[in-house]
Amino acid sequence: MQPIRLTSRGCDIPQEPAVLRLFRDQFHAHHYIRLPSLVEPGALDWLAREVERGTFYEREHEGIATESCLKPNRAFDLLHFLVNNRRVFDFVEAVTGCERIGSFNGRIFRLAAGLGHYDSWHDDIDGNRLVALSLNLSPQPYRGGILQLRRKEDEASRLDIPNPRFGDAVLFCLSDELEHRVTNVEGPVPRTTFAGWFRKQPTYGWYLQDSASDTQGGKPQPVLRPLAEDTPASSGVDEGVISPQARLVLADGAAYQDTGHGVVLFSPLTGHGEGLDTVGSRAWTLLMESGTLDAVEWVMADEYDVEPSVLQRDLLRLASHWRRHGIIQVAGQ
Ligand SMILES: [Fe+2]
């Protein structure tokens, strides 16, 4: 049973009340649930490559733990984009019964044998953290490094929660009555993890443009933003003229989600994120469905009161903007 999956197109979440009830009952009985294959395979492989390219530094956590922590990079950014999704928050709230979640904040870290890394019993409670998530980012199997959860100072209640599979996650309870730790890693393979907390504050929100002017009676006006506020893109993104017939796809590593108020886009390659207004969201959705600007134009020309030449020009400019910022690419390039 697949409870939830994070993908570059948003997240897949079970809708059946019976499935949600089952996870909720498991969480309340055991204080944790497993989220197998939380991240889709393509994104997971991309993340693993970016983690390998990253820089780790030794981090001491106030006498509780020492670890190698990854300096924020593209993998860090993409994971935060994927998890900070209102639909993910709704799922976690429904399963755990926690207060309303405002955001998720985590870190990528490694525990390795021979480097003095350790973790002690602690509760992570600070008045703001609600629920913890631990995602296995170790492509190779490691030994030790087992998450343990117990009632405070009650060894008889201890649960060992191994999570050996790359891409699997554990969602576990934070409470004044519970504490957790991770056992020492043994052997040559380090344990790499993305872990953090769903929290009350701050409230996460993608900047969504004011869509109040999108419709002015009758058919919506063909205003595709943003174009004027364009900023230079980072290097490594392909440039050039886009043909209306070219097949356009989501760029490697890029992701988007529909917030219910519009689509938000993010490219960890350039660090560029943007929220789309109603018309931009429609153009984006059609592009992801059809793959070419020609096909988008064909549909939008019928939906919007617009000169064909203006619509074609705006779509080309918008697609160029997205490509320049590492959001889309021409298929095969
Ligand atoms: Fe912790």
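Helices (H or I, at least four residues) and strands (E, at least two residues) are taken as DSSP runs and numbered from the N terminus. The structure is a predicted model, in which local features need pLDDT of at least 70 and side-chain atom pairs count only at pLDDT 80 or more, while totals for chains, interfaces and linings use all residues. Residues are numbered from 1 along each chain as its sequence is written.

The chain holds 7 helices and 20 strands. Of its 333 residues, 39% are buried; a residue is called buried if 20 or more other C-beta atoms lie within 10 Å of its own, exposed if 12 or fewer do, and partly exposed in between, with C-beta atoms placed from the backbone. Two residues are in contact if their C-beta atoms, placed from the backbone, lie within 7 Å. Among the contacts in the chain with a separation of 6 or more, 76% are between residues 24 or more positions apart.

Ser8 is found in the loop between strand E1 (5-7) and strand E2 (10-12). With 21 other C-beta atoms within 10 Å, Ser8 is buried. When neighbours within four places in sequence are left aside, Ser8 is in contact with Ala43, Leu250, Ala254 and Ala255. Ser8 and Gln257 are 249 residues apart along the chain, yet their C-alpha atoms are separated by 7.8 Å.

Another pairing of this kind involves Asp258, which is placed in strand E17 (residues 255-258). Asp258 and Cys11 are 247 residues apart in sequence and 9.4 Å apart in space, C-alpha to C-alpha. Apart from neighbours within four places in sequence, Asp258 is in contact with Gly10 and Val263. Asp258 is partly exposed, with 17 other C-beta atoms within 10 Å.

His117 lies in the loop between strand E6 (103-111) and strand E7 (118-119). This residue is buried, as 22 other C-beta atoms lie within 10 Å. Not counting residues up to four places away in sequence, His117 touches Thr66, Glu67, Leu111, Ala112 and Val185. The C-alpha atoms of His117 and Ala65 are 7.0 Å apart in space, and the two residues are 52 apart in sequence.

Two packed helices are described by the angle between their axes and the distance between the axes. Here the axes are lines fitted to C-alpha atoms, for helices over the stretch in contact, and angles run from 0 to 180 degrees between N-to-C directions. Helix H1 (residues 17-30) packs against helix H4 (residues 86-96) at an angle of about 60°, with the axes 7 Å apart. H1 is therefore oblique to H4; angles under 35 degrees count as roughly parallel, over 145 as roughly antiparallel, 65 to 115 as roughly perpendicular and the rest as oblique. On the H1 side the contact involves Leu20, Phe23, Arg24 and Phe27, which meet Ala94, Val95 and Thr96 in H4. The residues of this contact divide into 5 nonpolar, 1 polar and 1 charged, where Ala, Val, Leu, Ile, Met, Phe, Trp, Tyr, Cys and Pro count as nonpolar, Asp, Glu, Lys and Arg as charged, and the others, Gly among them, as polar.

In soluble globular proteins, nonpolar side chains tend to be buried together. A nonpolar core is a set of buried Ala, Val, Leu, Ile, Met, Phe, Trp, Tyr and Cys residues joined through C-beta atoms within 7 Å. The largest nonpolar core has 78 residues, of which Leu47, Val92, Leu171 and Ala283 touch the most other members. Helix H3 (residues 74-83) gives the most to this core, with 7 residues. At least three residues of the core come from each of domain 1 (5-199) and domain 2 (211-333), the bounds being those of an automatic or database domain assignment.

Most residues other than glycine have a negative phi, and most peptide bonds are trans. Ser37, in the loop between strand E3 (32-35) and helix H2 (41-53), has a positive phi, near 45°. Ser37 is partly exposed, with 17 other C-beta atoms within 10 Å. Phi of Glu62 is also positive, near 45°. Glu62 is found in the loop between strand E4 (56-61) and strand E5 (65-70), and is exposed, with 6 other C-beta atoms within 10 Å. The peptide bond from Gln201 to Pro202 is cis, with omega near -10°. Pro202 is found in the loop between strand E15 (191-199) and strand E16 (248-250).
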